[in-house]
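Trainee: I'm new to this one, could you walk me through it before I start clicking around?
Mentor: Gladly; let us open it and take it topic by topic.

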Amino acid sequence: MTQKTVTRAVVIGYGHYLPERVVPNAEFAATLDTSDDWIVSRSGIERRHFAAEGEFTSHLAINAARSALANAGIEADDLDAILVATSTPDLTFPSVATMVQAEIGANRAFGFDVQAVCAGFVFALANANALIVAGQAKRIMVIGAETFSRIMDWTDRSTCVLFGDGAGALILEGQPGTGETSDRGILSADLNSDGRFRDMLYVDGGVSSTGTSGKLRMQGNPLFRQAVEKLTSTAETALERAGLTSAQVDWIVPHQANIRIIQGTAKKMGLSMDNVIVTVQDHGNTSAASIPLALSVGADQGKLKQGDLIVTEAIGGGLAWGSVVLRW
């Protein structure tokens, strides 16, 4: 009997970039009614990075892209596509992806942006996987990049202390698999949205409505309750689709929004925090950049090893949420 062959989108390279400026919690305590203890106890965040004046989302994405290319040992011209997940593009248009394409010299690649806020990287991964499985592309760079410091209300202590800037990237390559759960690459994905929860997390401006970029607004407590429930549910759904269970998971690499959400989700999935990659203490919430940043940092630290089963999950404004199951 001939063994069937399927195409899997396999990670062949990773990289990340963080702006030079590090902002500790003490910097906020100087201007707001807050403290390091208050921020750490409620979020787990100790510091974050902010982009410099004149440093834009595309610059962060370009640096992460170059890092991923070097890690993969391939050239920019080996890429067929570039997908950038971001809610803070340099311009209304063109896309950040085309800016990255031009700067790194990926002359053969097409590029577009994906906007699903903090869930953006998961949505972009699922799209890249679909393009590879469909034969539309062989190698795809997927980047999450954000400069959320540009949309903060610096008088709102409940939001401005939570977010940071950064970028992370993965390179996916179509490779033959057996169709079994032992295959490397993306094994399943689950994507969701519900616009009825829009007011929990949004930016109060836009091109069509106000002609301005606006500032981020968030209802923290209701969003927290939605996050733990929905992140657990989407992770379990994606695992079930792959024919796997949480007991088989080596690592959860979650959206790095809040340590309490991360802990709550791991607990509901029956997994120890020893099985979770956590970077929120150093980066804050970098929205669509947080998962690829955490993957890259975890790999650099030697935690992620070839063959490890990984679940990534995220929730963001929309609400939009989802997860991807992949074998490293």
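**A buried serine and what follows**

Mentor: Let me start with S287, which counts as buried because its relative accessibility is 1%. Please keep in mind that this is a predicted model.

Trainee: Where does S287 lie?
Mentor: S287 sits in the loop between α8 and α9, and although S287 is not a glycine, its phi is positive, at about 55°.

Trainee: Which other residue has a positive phi although it is not a glycine?
Mentor: V117 is one, with a phi of about 55°. V117 is found in the loop between β5 (110–114) and α5 (120–133), and V117 counts as buried, at 16% relative accessibility.

Trainee: Switching to charges, how many salt bridges does a search of the whole structure find?
Mentor: The search finds 12 salt bridges. One of them is between the side chains of R47 and D282, at 2.4 Å from N to O. R47 belongs to strand β3 (residues 47–50) and D282 to helix α8 (residues 280–283), so this pair ties together parts that are 235 residues apart in sequence.

Trainee: What about the pair R196 and D194?
Mentor: Their side chains meet in a salt bridge at 2.6 Å, N to O. R196 is exposed, with a relative accessible area of 73%, whereas D194 is buried, with a relative accessible area of 14%.

Trainee: Then which residue does D204 meet in a salt bridge?
Mentor: D204 meets R217, with 3.0 Å from N to O. D204 lies in the loop between β9 (201–203) and β10 (216–218), while R217 is in strand β10, so the pair ties together parts that are 13 residues apart in sequence. D204 is partly exposed at 36% relative accessibility, and R217 is partly exposed too, with a relative accessible area of 23%.

Trainee: Which residues do salt bridges with shared partners join into one network?
Mentor: That network is made of E46, R47 and D282.

Trainee: New topic: at what angle do α3 and α4 pack?
Mentor: Helix α3 (residues 57–72) and helix α4 (residues 96–104) pack at about 55°, with their axes 9 Å apart, which makes α3 oblique to α4. The crossing in which α3 passes α4 is right-handed.

Trainee: And which residues meet there?
Mentor: From α3, the residues are T57, S58, A61, I62, A65, R66 and L69, and they meet V96, M99, V100, E103 and I104 in α4. By class, this contact of α3 with α4 has 8 nonpolar, 2 polar and 2 charged residues.

Terms used
Residues are numbered from 1 along each chain as its sequence is written. This is a predicted model: local features need pLDDT of at least 70, side-chain atom pairs count only at pLDDT 80 or more; totals for chains, interfaces and linings use all residues. Side-chain values use heavy atoms; hydrogens and water are left out. A salt bridge is a side-chain nitrogen of Lys or Arg within 4 Å of a carboxyl oxygen of Asp or Glu. Helices (H or I, at least four residues) and strands (E, at least two) are DSSP runs, numbered from the N terminus. Buried means under 20% relative accessible area, exposed over 50%, partly exposed in between (1.4 Å probe, protein chains only). Axes are lines fitted to C-alpha atoms, for helices over the stretch in contact, and angles run from 0 to 180 degrees between N-to-C directions. Angles under 35 degrees count as roughly parallel, over 145 as roughly antiparallel, 65 to 115 as roughly perpendicular and the rest as oblique. A crossing is left-handed if the near helix is turned anticlockwise from the far one by less than a right angle, and right-handed if clockwise. Contact means heavy atoms within 4.5 Å. Ala, Val, Leu, Ile, Met, Phe, Trp, Tyr, Cys and Pro count as nonpolar, Asp, Glu, Lys and Arg as charged, and the others, Gly among them, as polar.
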